Amino acid sequence: MAVLFVLNRYNASDWSDMMRDRAPDLDVRLWPDETGNPVDIRFVVAWNPPEGELAKFPNLEVIFSIGAGVDHLMKDPHLPKVPVVRVVDPDLTKRMTEYVVMNVLLHHRRFRLYDDQQQARDWTEHSQPAASEVRVGIMGFGTLGQDAGLILRDLGFQVAGWSNSRKQVEGIESFAGGGELEAFLGRTDILVSLLPHTPDTDRMLNRGLFALLPQDGALGGPFLINAGRGKVQSDADILDALNEGVLKGASLDVFEEEPLAHDSGLWVHPGMMLTPHVAAESSPLAINDYILDQLRGYELGETLSNVVNAERGY
Ligand code: NDP
Ligand code: OXD
């Protein structure tokens, strides 16, 4: 049995070397140079493989994504019809929760503004609503959304989640499906998106959606935080909404095209907090161990966990 790492990213060999150290008995190979005979490959560990590449392995049984998101795989029309396992890992989840909570607080406590004021040696105080007056709405209320939501709830924010199916989480209001989206947005001052990118969520964070966010909340207008996927948003609509005051500020970790173009106005907008897709970096050690556990279990006949629903695309 061979495990092929097909990682279209800068530190691919770190990942395969680490797996070799942890499992010397496995035949670990690094694409493209060490691929060898395609019939040997039973497992692939993947990040953003070229279209059609994984279809070259006739004995492939499982694809492991090294990320929580799997849009980098599902977009391939030739993806083999084998189980795709995504990452659900406490280390990754906590990193995302840190990012979300930090950015909610950043806008709630007006730190973008105070940062500018510090540069200008400007000692102006601004009024400060309590967390209990601020409504946070989390679109994509799954593994990551719920973890962040619980911490925000405990800080005193009014938290709601929006997902396909209804959730029961104490102290958090749950909205489900397209029919409840407008009501969810209508009670949201800080909108957090942790949605996966699928045909259903494509560019849904757009001008029409921002118009449904209230302008008269405790923060004097809505804020957007997106750490899910960039193709769930329209970059141009966000910039327009910031310029027109429809959005008071935004934190974006993800963009329609990454890296973000040098000439994008999002880099320099005073309401923006921008990071280069680092909200929840995957720890190679933690993720390799997670994949190895699943792989060993599978060989013993156990059921794989966190298998993607191919129809839903996440
Ligand atoms: P989950 O699958 O656990 O959660 C996804 C949530 O989105 C679920 O609640 C799901 O609803 C909901 N959802 C999906 N499609 C729709 C839709 N059309 N309408 C309403 N709700 C929808 O994923 P995770 O929480 O683990 O991860 C979320 C995403 O975060 C990943 O897909 C990835 O793209 C991104 N990510 C970004 C990182 C970064 O560094 N920026 C790092 C890690 C992940 P339901 O629960 O009913 O199925
Ligand atoms: C992920 C990511 O999906 O890092 O895990 O974006």
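**Ligand 2.** I sorted the shell around ligand 2 into three nonpolar, three polar and one charged residue, where Ala, Val, Leu, Ile, Met, Phe, Trp, Tyr, Cys and Pro count as nonpolar, Asp, Glu, Lys and Arg as charged, and the others, Gly among them, as polar. The residues in question are Gly-67, Ala-68, Gly-69, Leu-92, Arg-229, His-277 and Ala-280, a residue being near a molecule or strand if one of its heavy atoms lies within 4 Å of it.

Before going further I note that this is a predicted model, in which local features need pLDDT of at least 70 and side-chain atom pairs count only at pLDDT 80 or more, while totals for chains, interfaces and linings use all residues. Residues are numbered from 1 along each chain as its sequence is written, chains are lettered from A and ligands numbered from 1 in the order in which they are written, and side-chain values use heavy atoms, with hydrogens and water left out.

I then looked up polar contacts, meaning pairs of N or O atoms within 3.5 Å (within protein, one must be able to donate a hydrogen and the other to accept it, and residues adjacent in sequence count only if both atoms are side-chain atoms). A backbone N or O atom of Ala-68 is 2.7 Å from an oxygen atom of ligand 2, a polar backbone atom of Gly-69 is 2.8 Å from an oxygen atom of this ligand, and His-277 brings a polar side-chain atom to 2.7 Å from a ligand oxygen atom. Of the 210 Å² of accessible area that ligand 2 has on its own, the protein covers 86% (Shrake-Rupley method with a 1.4 Å probe; for residues, only the protein chains shown count as cover).

**Ligand 1.** I found 30 residues around ligand 1, of which Arg-86, Thr-143, Ser-165, Lys-167 and Tyr-314 come nearest. The shell divides into 14 nonpolar, 10 polar and six charged residues. A polar side-chain atom of Arg-86 lies 2.9 Å from an oxygen atom of ligand 1, and a backbone N or O atom of Ala-227 lies 2.9 Å from a nitrogen atom of ligand 1. The protein covers 93% of the 930 Å² of accessible area that ligand 1 has on its own.

**Sheet.** I traced an open sheet of five strands in the order S2-S1-S3-S4-S5, with parallel pairing; strands are DSSP runs (E, at least two residues), as helices are (H or I, at least four), numbered from the N terminus, and two strands pair if DSSP finds at least two bridges between them. Strand S2 (27–30) and strand S5 (84–85) are at the edges with a single partner strand each, so one side of each has no neighbour in the sheet. Strand S1 (residues 2–7) and strand S3 (residues 41–47) pair over six bridges in the parallel sense, and I noted Phe-43 in S3 as the bridge partner of Val-3.

**Backbone.** Most residues other than glycine have a negative phi, and most peptide bonds are trans. I found a cis peptide bond between Trp-31 and Pro-32, with omega about 0°, and Pro-32 sits in the loop between S2 and S3. Another cis peptide bond joins Glu-258 and Pro-259, with omega about -5°. Arg-110, in the loop between H3 and H4, has a positive phi near 60°.
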